[in-house]
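Please work through each task before reading its solution.

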Amino acid sequence: MNTKAGVERRGFIALVVGWCALAVAFGSSAVASVRFLIPNVLYEPSRRFRLGRPEEFPEGSTFMEELRLFVLRKGNSFRALSAVCTHLGCTVNRAADGRTYFCPCHGSHFNETGGVSGGPAPKALSWHEMSVTKDGRLLVDLSRTVQPDKYLVV
């Protein structure tokens, strides 16, 4: 009599453990299936930035530290030059002559059009597309590059 009660108890425990294992298996499969339906996308912030009104920029070069960008103004024409060295991504500085650029990290030199004039940099600094917004502010698109001879005339 006592043995029969022990078998029933073991049977009940085995049944409960079996159902729990089955529930965990189905549950994890359901979670994995739902997760498979959700795409793995990383949403990046916009690479377009409003800079300000054209009259706010002085003649010559203005360094935008947060964007690592030089905004060059000559009269009513504007251009945007990246300040990111093409060697290892350091921020380039404007040389003392005011026309050329140099990388303080590894010694790359760039001429006034951003072309490599010395050092380990493999390619020229990039120029970025500029436009004017409806409210009259300059807009730079860091995701789009343009030729060095392209100006925005305001």
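Buried means under 20% relative accessible area, exposed over 50%, and partly exposed in between (1.4 Å probe, protein chains only). The model is predicted: local features need pLDDT of at least 70, side-chain atom pairs count only at pLDDT 80 or more, and totals for chains, interfaces and linings use all residues. Residues are numbered from 1 along each chain as its sequence is written, and side-chain values use heavy atoms, with hydrogens and water left out.

**Exercise 1.** Determine whether phenylalanine 12 is buried, partly exposed or exposed.

Solution. Step 1: the relative accessible area of phenylalanine 12 is 54%. Step 2: phenylalanine 12 is therefore exposed.

**Exercise 2.** Which cysteines does a disulfide join?

Solution. Step 1: a disulfide is a pair of cysteine sulfur atoms within 2.5 Å. Step 2: cysteine 90 and cysteine 105 are joined, with an S to S distance of 2.4 Å. Step 3: because cysteine 90 lies in the loop between strand S4 (77-82) and strand S5 (93-94), and cysteine 105 in the loop between strand S6 (101-102) and strand S7 (109-110), the pair ties together parts that are 15 residues apart in sequence. Here strands (E, at least two residues) are DSSP runs, numbered from the N terminus. Step 4: cysteine 90 is buried at 15% relative accessible area, whereas cysteine 105 is partly exposed at 43%.

Key. Helix = DSSP H or I, 4+ residues; strand = E, 2+ residues; numbered from the N terminus.
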